Amino acid sequence: MRTFHILLLCMLGATLVSLVACNAAIRPDNCCFTFYPRRVKRSLISSYDVTDFRCPKTGVM
């Protein structure tokens, strides 16, 4: 019975460590996941910003 408790405690500890490591990962703030398929009129654009290089797809916001 004592071995079972130690095993359970180790599994709980490993789960907590993995959750903390995933939440502390460095990730970009803004990424584009949906894209507008057509060109936008230049007169409608007031400013733009390119997505971070760590995003799965490059985009312009």
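This is a predicted model: local features need pLDDT of at least 70, side-chain atom pairs count only at pLDDT 80 or more; totals for chains, interfaces and linings use all residues.
Biologist: Does Met-61 count as buried, partly exposed or exposed?

Modeller: Buried would need a value under 20%, and exposed one over 50%. Met-61 has 40% relative accessibility, so this residue counts as partly exposed.

Biologist: And Thr-51, is that one buried or exposed?

Modeller: Thr-51 is also found in the segment after helix 1, which spans 2–23. Its contacts, leaving aside neighbours within four places in sequence, are Asn-30, Cys-31, Cys-32, Lys-57, Thr-58, Gly-59 and Met-61. The relative accessibility of Thr-51 is 7%, and the cut-off is under 20%. Therefore Thr-51 counts as buried.

Biologist: Nice. Gly-59 is on that list, so why does Gly-59 count as buried?

Modeller: Gly-59 lies in the segment after helix 1. With residues up to four places away in sequence left out, Gly-59 touches Cys-32, Phe-35, Asp-49, Val-50 and Thr-51. Gly-59 counts as buried because its relative accessibility is 5%.

Biologist: How far is the C-alpha atom of Gly-59 from that of Phe-33?

Modeller: These two residues are 26 residues apart along the chain. The separation of their C-alpha atoms is 8.9 Å.

Biologist: Let's step back to the whole chain. What percentage of its residues count as buried?

Modeller: The chain has 1 helix and 0 strands. Its accessible surface comes to about 6,300 Å², with 63% belonging to carbon and sulfur atoms. Of its 61 residues, the share that counts as buried is 8%.

Biologist: One more, about the largest pocket: how many of its lining residues are nonpolar?

Modeller: The largest pocket has a volume of about 270 Å³. Of the 13 residues lining it, the closest to its centre are Tyr-36, Arg-38, Val-40, Val-60 and Met-61. The lining includes 3 polar and 2 charged residues, and the number of nonpolar ones is 8.

Notes. Residues are numbered from 1 along each chain as its sequence is written. Side-chain values use heavy atoms; hydrogens and water are left out. Helices (H or I, at least four residues) and strands (E, at least two) are DSSP runs, numbered from the N terminus. Buried means under 20% relative accessible area, exposed over 50%, partly exposed in between (1.4 Å probe, protein chains only). Accessible areas come from the Shrake-Rupley method with a 1.4 Å probe; for residues, only the protein chains shown count as cover. On a 1 Å grid over the protein atoms alone, a cavity is a set of points where a 1.4 Å probe fits but cannot get out, and a pocket is an open set with protein on both sides within 12 Å along at least five of seven lines; lining residues have an atom within 4 Å of a point. Grid points are joined across faces, edges and corners, and a volume is the space filled by probe spheres set on the points. Ala, Val, Leu, Ile, Met, Phe, Trp, Tyr, Cys and Pro count as nonpolar, Asp, Glu, Lys and Arg as charged, and the others, Gly among them, as polar. Contact means heavy atoms within 4.5 Å.
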